[in-house]
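I am keeping these notes as I go through the structure, one topic at a time.

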Amino acid sequence: MILLVTGGAGFIGSNFVKHRLANTNDKIIVLDALTYAGVLDNLKEFLDDSNLLIPTYQHDLKLIEKHIEKNVFSFESLKDETESKRLSFKFEGSSPRYIETENISGEIEKILANKRFVFVAGNIVDSALDEELIKISDTVVHFAAESHVDRSIFNADAFVKTDVYGTYALLEAARQSKNLERFIHISTDEVYGQATDKPFKETDPLNPRNPYSASKAAADRMAYAYFQTYNVPVVIARPSNNFGPFQYPEKLIPVMTINALKDEPLPVYGNGRQRRDWLYVEDTARAIDLLIEKGKIGEAYNIAGHNERENIFIVERILDITKKPRTLIKHVEDRPGHDVRYLIDDTKIRELGFRQERPFEELFDNTVKWYIQNQAWWEKISRMDEEYKAFMKAWYEKR
Ligand SMILES: NC(=O)c1ccc[n+]([C@@H]2O[C@H](COP(=O)([O-])OP(=O)(O)OC[C@H]3O[C@@H](n4cnc5c(N)ncnc54)[C@H](O)[C@@H]3O)[C@@H](O)[C@H]2O)c1
């Protein structure tokens, strides 16, 4: 099967690609814009001089300027950079090939005749590119998104463009395809909004409360509408909070581990009593396998971790693993619209055979140890990505 995986250089996407390449005979095309959150290094073991492609529009300075002007590439600070300059550090050690968008499907078919992996550095908002890639794919797994709630509160622009418009552009391309078997849309448990004691079922109304979850809810319902209206074979996944290796160092577990290792304060929102249900990234990948195989078209599926923990528990355990004092904890002003709890009922995917495999504490401790052992991975990101540094400074400095 040929899988098109959008957002495959991100956290869940790259773990999913590795999982599929190791456990199936799939051929995989990754489409990823390499925004600040896209880390090409996550996939470097599969890259060589032939299978890293850039659609030529990204090389056309006039068009690049237009993209940047429209802020398609996500962040204000990019405005004075050219696209190739922005991407240059991402391509360190790899040799990309520039291909006209209209020739890209033919080129990919040639590569996939004797390889299993192709990386396309392109943007999902580009409908011509989406069409080229979907027409040679059997299944789409759509992860690409702006994914960080804090950033969406800072500036929601890129969230609407990528999460809403980008999803629409992909669905439109899917609608043109004659042979697409499934379009797996990766939504989130956050679309339901804040939970009480009753876990949300797939049929419950969506009630997002921050710009990220609102954009994801719009995309989720747009995917559903494309099934109802045009018969696009959509299946929607709503996973809970993922954890595991290769998570961009702005999310709770990597941020706290890195700060602890550097003896810097660990910023905890409010009293830290917010609860999240933690789902291991490999379990997410196995749940998506099930949806590819037997998810019912037109349906949504919750994917839970059954590991609800308070944020303060997570932070204290990280301090214990890294052998650092609790005095490093710094309670900071809570974020606006902060959902105290998410809780979902995953009976439906369990009926397809889904089970979480290993105990949370073991997976959690191994994850923290991964960040301790893979310092070079996150140091490279924090050293080289100016935009990342600018955001972390601007966001936490005012708290
Ligand atoms: N991380 C979680 O806990 C979690 C939980 C539930 C659902 N999700 C959803 O899963 C998906 C993946 O999340 P993640 O944590 O891996 O995110 P991430 O931020 O680590 O990765 C996102 C990837 O998408 C790419 N991307 C962004 N905009 C793009 C665009 N316009 N065109 C092409 N590529 C683009 C980025 O370069 C990056 O590689 C998202 O849709 C997210 O909403 C995440």
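**Ground rules.** I am working on a predicted model, in which local features need pLDDT of at least 70 and side-chain atom pairs count only at pLDDT 80 or more, while totals for chains, interfaces and linings use all residues. I number residues from 1 along each chain as its sequence is written.

**Whole chain.** I looked up the secondary structure of the protein chain and found 15 helices and 14 strands, taken as DSSP runs numbered from the N terminus (helices are H or I with at least four residues, strands E with at least two). I then checked burial, and 48% of the 399 residues count as buried, that is, 20 or more other C-beta atoms lie within 10 Å of the residue's own, with C-beta atoms placed from the backbone. Of the contacts (C-beta atoms, placed from the backbone, within 7 Å) between residues at least 6 apart in sequence, 83% join residues at least 24 apart.

**Core.** Val-30 and Val-120 touch the most other members among its 98 residues. Setting aside neighbours within four places in sequence, I listed the contacts of Val-120 as Ile-29, Val-30, Leu-31, Leu-53, Pro-55, Ile-104 and Leu-133.

**Strand 8.** I noted that six of the six residues of strand 8 (residues 234-239) are buried, so this strand is largely enclosed by the rest of the structure. Val-234, Ile-236 and Arg-238 cover one side, and Val-235, Ala-237 and Pro-239 the other, all of them buried. Strand 7 (residues 182-186) runs parallel to strand 8 and is joined to it by four bridges, where pairing requires that DSSP find at least two bridges. Ile-186 has Ala-237 of strand 8 as its bridge partner.

**Ligand.** Which residues come nearest to the ligand? I found Gly-7, Gly-10, Ala-37, Gly-38 and Ala-145, out of 31 residues around it, each counted if its C-beta atom, placed from the backbone, lies within 6 Å. Helix 1 (11-23), helix 7 (157-176) and strand 9 (241-243) are the elements that give two or more residues to this shell, and helix 1 gives the most, with three.

Note on methods
A nonpolar core is a set of buried Ala, Val, Leu, Ile, Met, Phe, Trp, Tyr and Cys residues joined through C-beta atoms within 7 Å. A residue is buried if 20 or more other C-beta atoms lie within 10 Å of its own, exposed if 12 or fewer, and partly exposed in between; C-beta atoms are placed from the backbone. Two residues are in contact if their C-beta atoms, placed from the backbone, lie within 7 Å.
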